[in-house]
There are 2 protein chains.
Amino acid sequence: MRKDELIYQQMLKAIVEHHLLPGVRLPEDQLAETFQISRTGIRKVLHRLALERFVTITPNKGAHVAKPTAEEAQQVLDSRILVEPVLIDDVVTHWDESSKTRLYGIVQQEELAEQNNNLKDMIQLSALFHTELASLSGNQVMAEFVSQLTLRSSLVIAVFGSKQSVGCDCGHHHDLVDMLDKREAGPAKIWMKRHLEAIKASLQFTIDKPKSINFKDLFSTI
Amino acid sequence: MRKDELIYQQMLKAIVEHHLLPGVRLPEDQLAETFQISRTGIRKVLHRLALERFVTITPNKGAHVAKPTAEEAQQVLDSRILVEPVLIDDVVTHWDESSKTRLYGIVQQEELAEQNNNLKDMIQLSALFHTELASLSGNQVMAEFVSQLTLRSSLVIAVFGSKQSVGCDCGHHHDLVDMLDKREAGPAKIWMKRHLEAIKASLQFTIDKPKSINFKDLFSTI
DNA sequence: TATTTTTTTATTGTATACAATCTAATAGTA
DNA sequence: TACTATTAGATTGTATACAATAAAAAAATA
């Protein structure tokens, strides 16, 4: 894999898993040194993250982890409420044994992570579930969009989420897969809509402040 | 406006309006000279266009105008068929006098462009109509997604479109605005779905080959 | 002492230089 | 002649140097 691609994934992961909190400054020099690459390479990664809304770049002031506004937060969740249910029809259409295996596999990992109270994995697996489900619709364009939305949701939750909203009640995903496996598209759509509405409803508009970060330590432990 | 932002828009416009056809090579040196900027600046623009799928960058081989596959083409249109109708409800909810003025304004320009057989404007205005409509839903996140999809549709049409599919029968947009102004959400949704399905149905799977381009001449005439 | 101005420092923006890689042209061999 | 190997040229990938800007610290003035 290309080096900058790897760095991109590490940084995205750090943001999505709340190791780098919204508002935290991302100085090019420190990151360049951390990843043993020139500033050119880091800038490429930062610009990509900026285009995908995980980072904001202010001219002559540098990059920060994006801090979604309340408005943006709601729009991201509203988008998912609008989009994810309409993908269900296509998921059911393409449903087969491997879909079942794939999704139940993720659900199982989610339940394990929940038992171990592994917050990091819970966030990642919950996003993975929604992304995988979207890609089972067969439409790669939509799948990418949903993937971005779920990732942005993690940022939103970092700002406005309470503890219980982090993993979006993993256990329940099991119920959805049951419905899909019975080809019950209608109920599954309704379930998905309510599921996402519940996440949105769990958002609280309290903000905590960022603190200084040692990038080398951070990325050596992840 | 920042210089690279301007260059980005010029290049995107050239691609979307079919002045730069899919498959055309985009050498950094020539572009840098054309826009009187260093390769660094051009690379930034090219990477952005690549992330948004208007350009493909192959390692050590450089950038080309993206040439969507038949599969991708269908998925882009399918995405629009899925997404644009569900936005109608929110458009109707937020509908007011200014929405009406805005959309009828665009429709009027579309009809003018059609009379003058101005292909360039027809493409641009048709995309603008769909984008504006989406932004009237009040959801900026969805609006951006739809904007990208309409732009990508232009690329798709450059590869698989026939003459009549270019501007997606502008005249008809008028009918949609009429429905919206009467708050007829249901019929408007159906109309939109059929409208987009018609565009998809008009696609033909014939491919023509790219030819060499003089970038300086091209961008001095746009 | 408080406030403004100046100077210094740190950080980003841009261009260029060099290295790595691919393309093609040429030369060599069967 | 056809095919492979080697070399030369062109193009991209990456790092670094310098310029421009912003932030912080120090000095000057009221």
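I looked up B:Thr56 and found that its bridge partner in strand 3 of chain B is B:His64. The model is predicted. B:His64 is also the bridge partner of B:Arg25.

I then took the strands as a whole. Strand 2 (residues 55–58) of chain B pairs with strand 3 of chain B in the antiparallel sense, over four bridges. Strand 1 (residues 25–26) of chain B and strand 3 (residues 62–65) of chain B are antiparallel too, over two bridges. The hairpin of strand 2 and strand 3 of chain B has three residues between the strands, and there I noted B:Asn60 with a positive phi near 65 degrees.

Next I checked how the chains are related.

I went on to the contact. It takes 24 residues from chain A and 24 residues from chain B. I noted that 100% of the interface residues of chain A are also interface residues in chain B, so the copies meet through the same surface. The buried area is about 2,000 Å², and carbon and sulfur atoms give 66% of it.

I found two salt bridges between chain A and chain B. One of them joins A:Glu144 to B:Arg53, with the closest N and O atoms 2.7 Å apart. Helix 4 of chain A gives the largest share of the side that touches chain B, nine residues.

Notes
Residues are numbered from 1 along each chain as its sequence is written. Chains are lettered from A and ligands numbered from 1 in the order in which they are written. This is a predicted model: local features need pLDDT of at least 70, side-chain atom pairs count only at pLDDT 80 or more; totals for chains, interfaces and linings use all residues. Side-chain values use heavy atoms; hydrogens and water are left out. Contact means heavy atoms within 4.5 Å. Two strands pair if DSSP finds at least two bridges between them. Buried area is the accessible area (1.4 Å probe) that two parts lose on being put together, summed over both. A salt bridge is a side-chain nitrogen of Lys or Arg within 4 Å of a carboxyl oxygen of Asp or Glu.
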